[in-house]
Amino acid sequence: MLSENKLADWLQKASQFETAIKSAIVGQEKAIHLLTIAIFSRGHVLLEGDVGVGKTTLLRAVARALGGSYERVEGSVDMMPTDLIYHTYISEDGRPKVDPGPLLIHGNALSTFFFNEINRARPQVHSLMLRAMAERSVTAFNKEHRFPHLQVFADRNRIEKEETFEISSAAKDRFLMEISIETPAESTIQKDLIFNNKFYDVDSLIHNVPSAVIPYDELNDIATKIQDNVKESEPMKEYAIRLWTALRDPGTLGVREIDGLKVDKLVESGASPRGMAMLIRAAKVNAWLAGRLDLIPEDLHGGLQETMAHRIVLFPNYEFQHKQIVEKLISCCTKRVPSP
């Protein structure tokens, strides 16, 4: 068991990490907290948001505060899986050369990998990323390369549909969360982002973020210890199962409609056991960040939308309104499923 002093030390580091990110990123408190949960859960993250809302800046701040190596790639229709492994070129002496690509260049020090506009890349590229995400390793040059500290962050271009490829359900299921990055609604923050010159110089902004606030190479160990130390009661286990069942089949709640939509024609498939296990991992971290070692319903609710929504597949006639409908579904389930 992890000592109480050690837990307190890491709680302080987690708080310092969030503070470090907030020194560069304004108006995204919820997203920063969710990212902190994902980092201590050791889960990969999808980011959703319009162009220019600060997704890349946010991840650069995260990478600096985490330490370790950071790599970023841009998805494109002509990208091939090998582009992640190596790149070839003609050297000064006129001979062809092969250098390690973005996944290999940093070795086992690779900590943060950002795949920008992942849905612009072909499914073959997604398949390679799935292995890297699931196993934290790839095979190249007749050798297995391992990335024990790898955490993948990706965002999708949600506006343009040409030359994009939908991410499969299997790929989405590898992401712990899908976090929405929205334009801040508060007028004072909007004015600051538009008129304060410091937000134009992103390099200087990121440079001011304290570096290596959290030792990235110790995160796997502390994440395991958190999962071991935060306990769930038997009633909480039963509540989690009831909630999972309701999200997969809302008809078990005894309702026929949710906001006018018939529930028997609504959910085609729900979260997998792996997805539900990821929710519990995130909930335990949420409890730990709140200073508790026992799981309560609010810990599950704190990341329920972000952890479950991208795992719920609606019938085709409702998919075009996926976000709004799933929000209503999750709200209905949390209100109607009896909690301990």
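A nonpolar core is a set of buried Ala, Val, Leu, Ile, Met, Phe, Trp, Tyr and Cys residues joined through side-chain atoms within 4.5 Å. Buried means under 20% relative accessible area, exposed means over 50%, and partly exposed is in between (1.4 Å probe, protein chains only).

The model is predicted: local features need pLDDT of at least 70, side-chain atom pairs count only at pLDDT 80 or more, and totals for chains, interfaces and linings use all residues. Residues are numbered from 1 along each chain as its sequence is written, and side-chain values use heavy atoms, with hydrogens and water left out.

**Stop 1: the cores**

Select F17, I21, F40, I179, L247, W288 and L300. In the largest nonpolar core, which has 80 residues, these touch the most other members. Helix 10 gives the most to this core, with nine residues. Helices (H or I, at least four residues) and strands (E, at least two) are DSSP runs, numbered from the N terminus.

Now keep I179 and show its surroundings. What does I179 touch, not counting residues up to four places away in sequence? The list is A31, L34, L35, V45, L46, L47, E48 and E306, where contact means heavy atoms within 4.5 Å.

Next, select V73, I85, F113 and V138. They are among the 26 residues of another core, which lies apart from the largest one.

**Stop 2: aromatic rings**

The structure holds three aromatic pairs. Rings of Phe, Tyr and Trp (its six-membered ring) pair if their centres lie within 6.5 Å; planes under 30 degrees apart count as stacked, over 60 as edge-to-face and the rest as tilted.

Select F40 and W288. Their ring centres are 5.2 Å apart and their planes stand at 55°, so this pair is tilted. F40 belongs to helix 2 (residues 29-41) and W288 to helix 10 (residues 273-289), so the pair links distant parts of the chain, 248 residues apart. Both F40 and W288 are buried.

Ring pairs link W10, F40 and W288 into a cluster. Then show K13, which lies over the face of W10, at 4.5 Å from the ring centre. A charge sits over a ring if NZ of Lys or CZ of Arg is within 6 Å of the ring centre and within 35 degrees of the ring normal.

Move on to Y86 and F141. These two form a tilted aromatic pair, 6.0 Å centre to centre with 50° between the planes. They are 55 residues apart and link distant parts of the chain: Y86 is in strand 3 (residues 86-90), and F141 is in the loop between strand 6 (137-140) and strand 7 (143-146). Y86 counts as partly exposed, at 30% relative accessibility, whereas F141 counts as exposed, at 51%.

**Stop 3: a hairpin**

Which residue of strand 4 stands opposite T88? It is V98. Strand 3 and strand 4 form a hairpin with five residues between them, and G94 in the turn has a positive phi of about 85°.

**Stop 4**

Most residues other than glycine have a negative phi. Select R136, which has a positive phi of about 50° although it is not a glycine. R136 is in the loop between helix 4 (123-135) and strand 6, and counts as buried at 16% relative accessibility.

Then select A212. Its phi is near 50°, again a positive value in a residue other than glycine. A212 lies in the loop between helix 7 (202-207) and helix 8 (219-229) and is partly exposed, with a relative accessible area of 46%.

**Stop 4**

**Stop 5: V313**

Finish at V313, in strand 13 (residues 313-314). V313 counts as partly exposed, at 24% relative accessibility. Not counting residues up to four places away in sequence, V313 touches S169, L266, V267, E268, S269 and E319.

Note on methods
Two strands pair if DSSP finds at least two bridges between them.
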